[in-house]
Amino acid sequence: MPDNTSNFRDRLLDAQAVTPALREEYRKELDSILNHRLTPRTRLATWGGLAVSLALTALSARSLLSPRANPGSMIVAGAVAVASLMMALWLVRVLRQGGFARRTSFAVVEWIGSIVVAAVVLVTLLGGMATPSDPASTFSAIWGLMLLIVGFAWGTGNRISAATLETREHVLRLESRIADLSERLAK
Amino acid sequence: MRLDRQLLESELLVTRCQRGDQTAFEGIVRLWERSLFYYLRRLASSEADTWDLLQETWLKVFRSMGSIRDPRTLPAFLYKTARNTAISRLRVREMGELQPDTTDASECESAFIAFDNAEQVHHALDQLPLPQREALTLFFLAELSIDEIAQVLGVAVGTVKSRLHYARKTMRQILSDGADHAG
């Protein structure tokens, strides 16, 4: 794109007057859309959530260490312990920062959901394999195996997408650096 | 920032955003805010409405960020989202004018438009009929190809060229009338 086109565009954009007060109001509202700020009420709810998460972590850790625990309940307790600890750590961060970016909250929910689903699948599979002579148990094992295969395929797909995005980002960063260098050399 | 650098930068920001980088979306807003505001200002009747529309546009873009398969399509995606937001929110009197028209594309000589005085062009833009105004605004912002402008406006490429042709004629008329009055 020729430079004179960019210059004309920039001058055209400069010609557009804006009211600073309206722009400021827009920026504040946009910020509240992208970043959730804690109000006194939501801060209190966050403290409550933190207390529940820590209690859950402690309870599940206790049942994990119990000598009477069977493999199924140990898996569930382990998953709950990890998920609630992750939630607690995230809530501490939210309280320290006084808010959170909405995009990160999606990622936290996704992680916790994945851990819980993985635990349910493993428990179903182990439960099904526990008594092979029982037809209902065999059905449970087959069902667990199917869920495991679907989960594995989904996880692999996600990993491939993540790797593709990572590679694309590296390539774009390189292109950006090359463009920077070309501009500097041209000056 | 030069346009090709801006496009490269926005491609990188979309990719970072899709990888979960929370600061990347704010970067996209900073990069495209002025152009989108300029375009929406040409469609809305007041500045307050324009800021509202822009805010709603960003909210829609934020929600559908993960669905952008090719980051290079971001500019067209942004303008299309902005336009759809304007159409659904404003329900302007000129709504009929925003619908696709059937102007004969064969009358188009060239889509190239050369104007120097950005200030004069800026004021003259608001005097154009709405279909010509938005086509010419997108063309002047120079971030989209003619094909992409057609995609944003939901019309054929020939129609865009035709609108640009008539817009150029009308704008020359407006500018020369202004010069006569000034003289």
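**Figure legends: chains A and B of a predicted model**

**View 1. The contact between chain A and chain B.** Chain A contributes 33 residues to the contact and chain B contributes 35 residues, two residues being in contact if their C-beta atoms, placed from the backbone, lie within 7 Å. On the side of chain A that touches chain B, two or more residues come from each of helix H1 (3–15), helix H2 (20–34), helix H5 (102–130) and helix H6 (135–186) of chain A. Helices (H or I, at least four residues) and strands (E, at least two) are DSSP runs, numbered from the N terminus. This side of chain A has 16 nonpolar, six polar and 11 charged residues; Ala, Val, Leu, Ile, Met, Phe, Trp, Tyr, Cys and Pro count as nonpolar, Asp, Glu, Lys and Arg as charged, and the others, Gly among them, as polar. The model is predicted: local features need pLDDT of at least 70, side-chain atom pairs count only at pLDDT 80 or more, and totals for chains, interfaces and linings use all residues. Residues are numbered from 1 along each chain as its sequence is written, and chains are lettered from A and ligands numbered from 1 in the order in which they are written.

**View 2. The largest nonpolar core.** This core has 49 residues, and B:Leu40 and B:Ala135 touch the most other members. A nonpolar core is a set of buried Ala, Val, Leu, Ile, Met, Phe, Trp, Tyr and Cys residues joined through C-beta atoms within 7 Å. Helix H2 (residues 22–43) of chain B is the element that gives the most, with 10 residues. At least three residues come from each of domain 1 (3–92) and domain 2 (99–182) of chain B, with bounds from an automatic or database domain assignment. Beyond neighbours within four places in sequence, the contacts of B:Ala135 are B:Ile149, B:Leu153, B:Val160, B:Arg163, B:Leu164 and B:Ala167. A second, separate core has 15 residues, among them A:Ala77, A:Ala81, A:Trp90 and A:Ala141.

**View 3. The loop residue B:Asp21.** B:Asp21 lies in the loop between helix H1 (3–18) and H2 of chain B. B:Asp21 counts as partly exposed because it has 17 C-beta neighbours inside 10 Å; the class is buried at 20 or more other C-beta atoms within 10 Å, exposed at 12 or fewer, and partly exposed in between, with C-beta atoms placed from the backbone. B:Val155 is 134 residues from B:Asp21 along the chain, and their C-alpha atoms are separated by 35 Å.

**View 4. The domains of chain A.** Chain A is divided into domain 1 (18–130) and domain 2 (148–187). Taken over C-alpha atoms, their centres are 28 Å apart.
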